[in-house]
Amino acid sequence: MSPRPTRRDFLALGVAAVAAPLLPGRAFAASPTGTGLHGLSAFGDLKYGPDFTHFDFVNVDAPKGGTFNFSPPNWVFNQSPLTFNTLNTFVARGDAPPRMGLCYDSLMTSALDEPDAIYGLLAKSVTISDDRNSFDFALRPEARFHDGTPVTAEDAAYAFELFKKDGHPSLLLPLSHLTEAKALDAHTLRLSFDGKQSDRTFLDIATFPIPAKAFFEANPFDASQLKQPLGSGPYKVGRVSPGQTVEFERVADYRGRDLPVNRGLYNFDRIRIEFYQDRQAGFEAFKKGDILFRQEFTSRVWATGYDFPALKAGKVVKREFPSEKRPTMQATALNQRRERFRDPRVRRAVALCFDFEWTNRNLFYSAYQRSQSTFEKSPYRAEGLPSPAELALLEPFRGRVPDEAFGEAVLQPPSDGSGRDRKLLGQATKLLAEAGWARKDGSLRNARGEALTLEVLVDDDTFVRVFSPWIENMRAIGIDASARMVDSTQYQARQTSFDFDAIVMAVSFSATPSRDEIDGLFHSRAAGMQGSTNLPGTADPAIDALIDAVGAAKDRDTLTVAMRALDRVLRARQDWIPNWFSANHRAAFWDMFGYKEPKPDFGFPVEVMWWFDKDKAARIGKT
């Protein structure tokens with residue numbers, strides 16, 4: 001692995017022309033200092049006033065009760081939907097079950113019908129210092145952990161210091177500008193920063209889970225045990241069968257149940273997750289009613305598999321819900337820690353071998369659209385030629401980033417749909433030849449005689465099926481390509497340690513991304529940090545500078561410009577090969593739940609928002 005550029009290298013690029021726009025501005029400039037605030041937004045826009053009683057997207061009269069058994073469609077930190085071997089979700093190692101966050105309250109919590117607003121949860125208010133670098137949280141004295149002990153400022157301070165030192169990269173990286181977490185008294189927490197923090201990073205930090213200090217003083221902060229860290233949230237871990245089942249039980253005396261941010265939420269008495277090693281087994285469990293809610297990610301199954309008796313009898317609902325108004329990315333990362341993938345011509349050639357048009361028609365039942373952007377389905381997707389404002393950010397890096405970043409936004413070219421487009425494969429062959437790979441003995445070899453090999457790491461046979469035509473095209477032009485399917489534990493371990501050639505990742509960003517949110521994916525400081533999501537090993541000072549510009553944005557227009565400029569460079573570099581996306585959630589569920597429509601624009605946590613409808617359940621025999 002070649003050495004990553006240092007800060008000194010970055011300064012040597014001559015970026016003085018854009019230095020001023022990258023300097024940090026006044027944090028939360030639209031928010032007053034010296035007074036307790038019930039909520040915060042990066043750009044000062046709050047929908048709900050200090051006296052709001054509940055969020056608009058909830059049903060405050062939703063009944064409590066019932067069980068919600070589902071297959072989680074998303075997860076965070078070290079969590080896995082396929083297995084689990086630890087209940088500590090705050091560390092990089094190990095596999096924790098999804099939804100462990102239900103067991104922990106945070107200082108503040110997001111509103112799902114606003115792009116970047118947070119409101120008090122453990123904290124009843126937050127006060128910004130005059131220099132806007134310190135934030136004092138007034139904690140609610142009634143807050144309790146599940147063992148009845150109070151949640152104190154000391155617990156919160158300990159959690160932030162612990163996460164900054166040893167936490168999962170998704171917790172550790174955003175805390176890089178935190179200088180101190182201090183308990184001023186039992187119910188006042190001060191978080192102090194060095195002045196380089198982004199408002200949007202702070203919005204992430206304020207929603208970090210807060211476990212009990214006493215627990216980690218008595219237990220190791222690692223993935224070595226199946227003992228749940230003590231929390232204070234609306235649920236706690238109940239029945240556990242390692243690697244197979246985990247149940248979350250609603251806490252009857254949860255002290256936050258009547259807060260405005262919680263009214264109408266957390267309605268199920270029990271949330272249960274069953275773990276299946278392959279998608280078909282999970283689908284069979286759903287058809288039998290062992291799983292009650294499922295989002296379908298296999299287009300073939302969505303098109304042909306939903307013809308079972310319960311659906312025909314009207315006991316199961318199959319429908320689509322609109323996707324969130326948030327940027328998403330599903331793409332294949334080529335690991336540049338391996339020398340053969342560092343040349344962008346090689347990465348471009350590999351991308352040209354993927355025939356999306358054939359795949360979409362023959363394998364996806366035309367259910368998807370081709371991804372082009374790192375920030376698909378959002379205003380941050382670059383289009384056409386750069387605007388003057390985008391060029392102002394890009395110009396200092398001319399000659400340091402691919403020339404394509406200054407032209408029309410890079411698009412993956414459409415194929416002729418044949419499955420083996422001779423024109424595109426010819427372009428790929430030419431690029432590989434230019435990169436020094438010559439055909440010898442049936443395979444491509446470099447000047448040292450090394451073969452160009454590429455193994456796609458997957459954990460589900462669905463991807464083996466989908467990627468097989470891509471692999472065949474690569475093999476046709478001399479790349480020794482293959483797919484390697486491993487079990488979920490090995491997959492997680494290899495991803496964490498960057499032990500792969502190519503791997504797929506799907507990401508959903510917040511509607512107003514922060515610098516530290518995208519750091520883990522694209523910044524050079526995450527390239528060597530095991531457990532980070534910088535899977536390609538991107539280490540480019542130009543990317544780092546554009547991420548700084550994202551963090552420095554003080555209004556939505558400036559943020560959009562910086563994100564589009566970043567998108568242009570990322571697409572030109574071809575670190576991530578875009579895959580595909582769908583405009584909607586494809587969901588199926590047993591008709592025994594209530595829910596409010598329309599769904600909120602910025603989230604779809606059905607296990608939190610929906611409720612058990614006993615009359616519906618009785619009608620389908622699911623009492």
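## Charged pairs, strands and buried residues in a predicted model

Asp-575 and Arg-573 meet through their side chains in a salt bridge with an N to O distance of 2.9 Å, where a salt bridge is a side-chain nitrogen of Lys or Arg within 4 Å of a carboxyl oxygen of Asp or Glu. This is a predicted model, in which local features need pLDDT of at least 70 and side-chain atom pairs count only at pLDDT 80 or more, while totals for chains, interfaces and linings use all residues. Residues are numbered from 1 along each chain as its sequence is written, and side-chain values use heavy atoms, with hydrogens and water left out.

**Salt bridges**

- Side chains of opposite charge can pair when their charged atoms come close.
- By the rule given above, the count comes to 41 salt bridges.
- Asp-575 counts as buried at 0% relative accessibility, and Arg-573 counts as buried at 12%; buried means under 20% relative accessible area, exposed means over 50%, and partly exposed lies in between (1.4 Å probe, protein chains only).
- Glu-274 forms a salt bridge with Arg-272 at 3.2 Å, N to O, and Glu-274 counts as buried, with 18% relative accessibility.
- The side chains of Asp-591 and Lys-616 form a salt bridge at 3.8 Å, N to O.
- Asp-591 lies in the loop between β24 (584-590) and β25 (593-594) and Lys-616 lies in helix α20 (residues 614-619), so this pair ties together parts that are 25 residues apart in sequence; helices (H or I, at least four residues) and strands (E, at least two) are DSSP runs, numbered from the N terminus.
- Asp-591 is partly exposed, with a relative accessible area of 22%, and Lys-616 counts as partly exposed at 22% relative accessibility.
- Salt bridges that share partners join Arg-338, Arg-340, Glu-455, Arg-494, Asp-499 and Asp-501 into one network.

- Asp-155 is found in helix α3, which covers residues 153-166.
- The side chain of Asp-155 does make a polar contact of 2.9 Å with the side chain of Thr-152. A polar contact is a pair of N or O atoms within 3.5 Å; within protein, one must be able to donate a hydrogen and the other to accept it, and residues adjacent in sequence count only if both atoms are side-chain atoms.
- When neighbours within four places in sequence are left aside, the residues in contact with Asp-155 (heavy atoms within 4.5 Å) include Phe-145, Pro-150, Ile-210 and Lys-213.

**Strands β8 and β9, and Phe-193**

- Strand β8 (residues 178-185) and strand β9 (residues 188-193) pair in the antiparallel sense over 6 bridges, and two strands pair if DSSP finds at least two bridges between them.
- A hairpin joins β8 to β9 through 2 residues, and Glu-180 has Ser-192 in β9 as its bridge partner.
- Phe-193 is found in strand β9 and is buried, with a relative accessible area of 7%.
- Not counting residues up to four places away in sequence, Phe-193 touches several residues, among them Asn-133, Phe-135, His-177 and Phe-202.

**Cysteines**

- A search of the whole structure finds 0 disulfides, a disulfide being a pair of cysteine sulfur atoms within 2.5 Å.
- Cys-103 is buried, with a relative accessible area of 0%, and Cys-353 is buried, with a relative accessible area of 0%.
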